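Welcome! Please take a moment to look over the sequence and the 3D view before reading on.

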Amino acid sequence: MIPIGFIGAGVLLLAVIFQFMFFTATLKSLEQDAPEMTCQRLTHSDLYGPEDMTMSTSHNVMFISSHNRREFSTEGAILMLNTDTNEIIKLPAEYPVKFHPHGISLFEDEVSDTSRLFVISHLMETLHDDGNHSIEVFDFDHESKSLRHVETLVHESVVHPNGE
């Protein structure tokens, strides 16, 4: 009689081998099917520690939350990448005091052609203190390429936003 432990170990070994073979075959397929791709490094003087990005496909721009987390006393910003030209600009705005952006989400209303950004901001020196976070709300003006700060949302139940 074969002990159950050997059977379990055998099944686990077969599963690992199968996953390895499947992964290898998938990579080989991707290599054969992928078109030639060229990559380009994009830089900007205000692009420190880009943490999160969100895309507006209707306007061909990407919003990037940026903050130099190694120097927490500095303020962060939202940058915009024009995906047609690869130009990056720091979006002008009246940013809140102690703005340290992290996660970012975009809501677009196609009827009114408006874009609203929701940005997690950490208000403290360490990212693990509870209750020191806000959600900053901005409206994006497509014509002037600028942000208008709408409001700051703070609540005691917001303790670990952005999946920390």
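This report walks through a sheet and then some aromatic rings.

The model is predicted, so to speak of a local feature asks for pLDDT of at least 70 and a side-chain atom pair counts only at pLDDT 80 or more, while totals for chains, interfaces and linings use all residues. Residues are numbered from 1 along each chain as its sequence is written, and side-chain values use heavy atoms, with hydrogens and water left out.

**The sheet**

Let us begin with the strands. Strands here are DSSP runs of E with at least two residues, numbered from the N terminus, and two of them pair if DSSP finds at least two bridges between them. Four strands make up an open sheet in the order 5-6-7-8, with antiparallel pairing. Strand 5 and strand 8 (146–153) are its edge strands, each pairing on one side only. From one strand to the next, the twist averages 25°; the axes behind such angles are lines fitted to C-alpha atoms, and angles run from 0 to 180 degrees between N-to-C directions.

Strand 5 (residues 101–109) pairs with strand 6 (residues 114–122) over seven bridges in the antiparallel sense. Together these two strands form a hairpin with four residues between them, and aspartate 113 in the turn has a positive phi of about 55°. Aspartate 109 stands opposite threonine 114 in strand 6, and glutamate 108 has serine 115 of strand 6 as its bridge partner. On to the next neighbour: strand 6 and strand 7 (residues 133–141) run antiparallel and are joined by eight bridges. Here serine 121 faces serine 134 in strand 7.

**The aromatic rings**

Which rings come together? The structure holds four aromatic pairs, where rings of Phe, Tyr and Trp (its six-membered ring) pair if their centres lie within 6.5 Å, and planes under 30 degrees apart count as stacked, over 60 as edge-to-face and the rest as tilted. Two of them are set out here.

| Pair | Centre distance | Plane angle | Type |
|---|---|---|---|
| Phenylalanine 63 and phenylalanine 140 | 4.9 Å | 80° | edge-to-face |
| Phenylalanine 99 and phenylalanine 138 | 5.7 Å | 70° | edge-to-face |

Phenylalanine 63 belongs to strand 2 (residues 61–66) and phenylalanine 140 to strand 7, 77 residues apart. Phenylalanine 63 is buried (under 20% relative accessible area, with exposed over 50%, partly exposed in between, a 1.4 Å probe and protein chains only), at 0%. Phenylalanine 140 is buried at 7%.

Phenylalanine 99 lies in the loop between strand 4 (88–90) and strand 5, and phenylalanine 138 in strand 7, so their pair ties together parts 39 residues apart in sequence. Phenylalanine 99 is buried at 0% relative accessibility, and phenylalanine 138 is buried at 0%.
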